[in-house]
Amino acid sequence: MGRTRRQRLGDDAEALARQHLHRAGLDCLATNYRCRLGEIDLVMRAPDVLVIAEVRCRGPGSRLTALDSISPTKQRRIVLATEQFLCRHPQHAALPIRFDVVGIDVGADGDARLQWLKDAFRPA
């Protein structure tokens, strides 16, 4: 079964975000990490920090921008998934963690505008 248009858009957005973060000096450790508690789009590593990046993409006519679309519930699920990731990959547990959001808004002209919000939220 093929991927839906929405899934392909999400895949493209994650690839664009991963490339952007890589060009900024971060190394990708994992993509689409899933567990029963939640999902992490990108797990990236800078020399001194583990970056958990949520990628949000919105098309033309969306009510919210991509950056504004991450709810407190989604944030909690990302934090829980991060805790699970660290249990499974303890070699990264000693690093400080930063939760970033990469927002991609696609305009009516098809151009994508990427915004990277570092330290977008903190665990409650």
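Predicted model: local features only at pLDDT ≥ 70, side-chain atom pairs only at ≥ 80, totals over all residues.
Residues are numbered from 1 along each chain as its sequence is written, and side-chain values use heavy atoms, with hydrogens and water left out.

**Backbone entries**

I placed D119 in strand 5, taking helices (H or I, at least four residues) and strands (E, at least two) as DSSP runs numbered from the N terminus. Phi of D119 is near 55°, a positive value although the residue is not glycine. I kept in mind that most residues other than glycine have a negative phi.

**Aromatic entries**

I found two aromatic pairs in the structure, counting rings of Phe, Tyr and Trp (its six-membered ring) whose centres lie within 6.5 Å, with planes under 30 degrees apart called stacked, over 60 edge-to-face and the rest tilted. The ring centres of Y33 and F85 are 5.1 Å apart with the planes at 85°, so I logged this pair as edge-to-face. It links distant parts of the chain, as Y33 belongs to strand 1 and F85 to helix 2 (residues 72-88), 52 residues apart. Y33 and F85 are both buried.

I logged F99 and F121 as a stacked pair, with 5.0 Å from centre to centre and 25° between the planes. Because F99 lies in strand 4 (residues 97-106) and F121 in strand 5 (residues 112-121), this pair ties together parts 22 residues apart in sequence. Both F99 and F121 are buried.

I also noted the charged end of K118 over the ring of W116, 4.5 Å from its centre, the criterion being NZ of Lys or CZ of Arg within 6 Å of the ring centre and within 35 degrees of the ring normal.

**Buried strand residues**

I looked up G103 in strand 4 and found it buried, with a relative accessible area of 0%. Leaving aside neighbours within four places in sequence, G103 is in contact (heavy atoms within 4.5 Å) with R56, A66, L67, R113, L114 and Q115. From G103 to Q91 I read 29 Å, C-alpha to C-alpha, for 12 residues in sequence.

E54 in strand 3 is buried as well, with a relative accessible area of 4%. Under the same exclusion of neighbours within four places, its contacts are D41, I70, K74, I78, D100, V101 and V102.

I recorded about 510 Å³ of space in the largest pocket. A pocket here is an open set of points on a 1 Å grid over the protein atoms alone, where a 1.4 Å probe fits, with protein on both sides within 12 Å along at least five of seven lines, and lining residues have an atom within 4 Å of a point. Of the 20 lining residues, R6, G10, V55, C57 and R58 are the closest to the centre of the largest pocket. Helix 1 gives the most to this lining, with seven residues.

Methods. Points joined across faces, edges and corners; volume = space filled by probe spheres on them. Buried < 20%, exposed > 50% of the residue type's maximum accessible area, 1.4 Å probe, protein only.
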